[in-house]
Amino acid sequence: MVATSATAQQTWRYAFEEAIDEVQGVFAQQFQDYIEANSDYSVQLFPFGTLGESDDIMEQTQAGILQFVNQSPGFTGALIPEAQVFFVPYLLPQEGEALNEFFRNSVAINEMFPELYAQHGLELLTMYPEGEVVMTTKQPVRSPADLNEQNIRVMTNPLLVESYRAFGAVPTPLPWGEVYGGLQTNMIQGQENPMFFVESTRMYEVTDYITFTGHNNFTTAFMANKDFFDGLSEDDQQLIRDAVEVAFDHILEYQDGLTESALETILESKPEMEVVILSEEERQPFMDAAESVEAEFIRMTGDSGQAILDQMKADRDAVTD
């Protein structure tokens with residue numbers, strides 16, 4: 001299929017929060033390949049750092065300088081408070097087919113969130129998972145008590161701060177560029193991220209323990225500038241939706257086994273790294289703490305947040321029951 005819009009030959013600009021060989025970069029390249037193979041458009045990719053930090057690329061997308069952006073709801077939470085629901089611990093299904101089906105079929109993601117994003121000039125095209133979030137720390141963590149007085153780096157996100165406060169830690173918002181050095185100097189004693197990111201950013205070099213608590217799976221959102229998207233022909237809009245569908249399917253397949261392979265690479269590089277997988281019994285105190293995070297989310301977002309949270313739970317139950 002060749003796009004027939006009057007703006008054929010146009011270059012679309014697309015920025016994301018990770019390196020070109022990390023999950024968002026792999027998704028972006030798949031999207032780019034499909035668009036360029038099936039139209040006269042070209043897609044210019046801007047990996048993390050080339051156009052600034054996460055807030056910079058969001059502002060550029062809203063201003064129409066960028067046509068596409070990939071950004072975690074964690075950063076979008078300041079703009080769209082309801083997006084912070086993705087930081088309610090133990091809300092999402094664990095990794096596996098249930099998680100994939102949740103993202104494919106969630107009413108909250110596919111019907112409710114697009115309306116919220118549209119209010120801020122954004123066309124939400126899809127959300128997808130990037131892998132189970134793990135803690136990397138200098139001390140072993142088997143209970144919330146082990147996080148007492150530990151400075152844990154978090155994204156600048158109110159609900160994520162509340163989550164780690166509920167877990168017993170001292171949540172410490174810090175720009176990503178300062179995290180490695182902060183761990184080196186013991187200004188912070190831990191951080192959280194998906195395993196592939198722990199491996200690619202070498203966070204394991206400055207921590208000693210990796211803990212699987214099962215509390216979350218990192219989520220990201222792919223968006224377009226709404227004025228740009230609405231101004232396209234129906235054919236071009238469908239071209240983009242088709243490219244998103246192909247990239248979405250590819251990234252779920254790509255992630256199959258990604259956590260395990262990243263962990264294997266880490267242990268080859270640092271055999272003394274200790275890996276802790278909490279049992280269901282050990283996870284229970286963390287799950288109990290999640291109740292206060294839910295309450296804070298509702299306090300921050302009101303009725304609209306309650307509706308989103310209820311629907312997310314219904315969507316989760318639909319794929320796990």
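Reader: Where does T207 sit?
Author: T207 is in the loop between α8 and β8. The model is a predicted one.

Reader: Why is T207 called buried?
Author: Its relative accessible area is 0%. Buried means under 20%. The value of 0% falls under that cut-off, so T207 counts as buried.

Reader: Which residues is T207 in contact with, leaving aside its neighbours within four places in sequence?
Author: T207 contacts T136, T137, L183, K270 and M273. Contact here means heavy atoms within 4.5 Å.

Reader: How far apart are the C-alpha atoms of T207 and Y180?
Author: They are separated by 9.5 Å. Along the chain, the two residues are 27 residues apart.

Reader: Now E205. Where does E205 lie, and what does E205 touch?
Author: E205 lies in the loop between α8 and β8. E205 touches Y180 and K270, with residues up to four places away in sequence not counted. K270 is also on the contact list of T207.

Reader: Why is E205 called partly exposed?
Author: The relative accessible area of E205 is 34%. Buried would need a value under 20%, and exposed one over 50%. The 34% of E205 lies in between, so the label is partly exposed.

Reader: How far is E205 from Y128 in space?
Author: The C-alpha to C-alpha distance is 28 Å. In sequence, E205 and Y128 are 77 residues apart.

Reader: What is phi of Y90, and is Y90 buried or exposed?
Author: Phi of Y90 is near 65 degrees, again positive in a residue other than glycine. Y90 lies in the loop between α3 (73-76) and α4. Its relative accessibility is 13%. The cut-off for buried is under 20%, so Y90 counts as buried.

Reader: What makes D227 exposed?
Author: D227 has a relative accessible area of 66%. Exposed means over 50%, so D227 qualifies. D227 is found in helix α9 (residues 226-230). D227 and D21 are 206 residues apart in sequence and 30 Å apart in space, C-alpha to C-alpha.

Reader: Turn to helix packing. Why are α6 and α12 called roughly antiparallel?
Author: Helix α6 (residues 158-166) packs against helix α12 (residues 280-320) at an angle of about 155 degrees. Angles over 145 count as roughly antiparallel. The pair therefore gets that label. The axes of α6 and α12 are 9 Å apart.

Reader: Which residues make the contact of α6 with α12?
Author: From α6 come P158, L159, E162, S163 and A166. From α12 come A289, S292, V293, E296, F297 and M300. By class, these are 7 nonpolar, 2 polar and 2 charged.

Reader: What is the handedness of the crossing where α6 passes α12?
Author: The crossing is right-handed.

Reader: Which residues meet between α4 and α12?
Author: A98, E101 and F102 of α4 meet M312, D315, R316, V319 and T320 of α12. The contact has 4 nonpolar, 1 polar and 3 charged residues.

Reader: What makes α4 roughly antiparallel to α10?
Author: Helix α4 (residues 97-105) and helix α10 (residues 234-255) have axes that cross at roughly 165 degrees. The cut-off is over 145, so α4 is roughly antiparallel to α10. Their axes come within 11 Å.

Reader: Which residues form the contact of α4 with α10?
Author: N100, F103 and R104 in α4 meet F248, D249 and L252 in α10. By class, that gives 3 nonpolar, 1 polar and 2 charged.

Reader: Last, the core. Which residues touch the most other members of the largest nonpolar core?
Author: F31 and I240 do, in a core of 100 residues. I240 touches W12, F31, I35, F68, L125, F228, F229 and L232, with residues up to four places away in sequence left out.

Key
Residues numbered from 1 in each chain as written. Predicted model: local features only at pLDDT ≥ 70, side-chain atom pairs only at ≥ 80, totals over all residues. Heavy atoms only, no water. Axes fitted to C-alpha atoms, helices over the stretch in contact; angles between N-to-C directions. Helix = DSSP H or I, 4+ residues; strand = E, 2+ residues; numbered from the N terminus. Parallel < 35°, antiparallel > 145°, perpendicular 65-115°, else oblique. Left-handed = near helix turned anticlockwise from the far one by under 90°. Nonpolar A, V, L, I, M, F, W, Y, C, P; charged D, E, K, R; others polar. Core = buried A, V, L, I, M, F, W, Y, C linked by side-chain atoms within 4.5 Å. Buried < 20%, exposed > 50% of the residue type's maximum accessible area, 1.4 Å probe, protein only.
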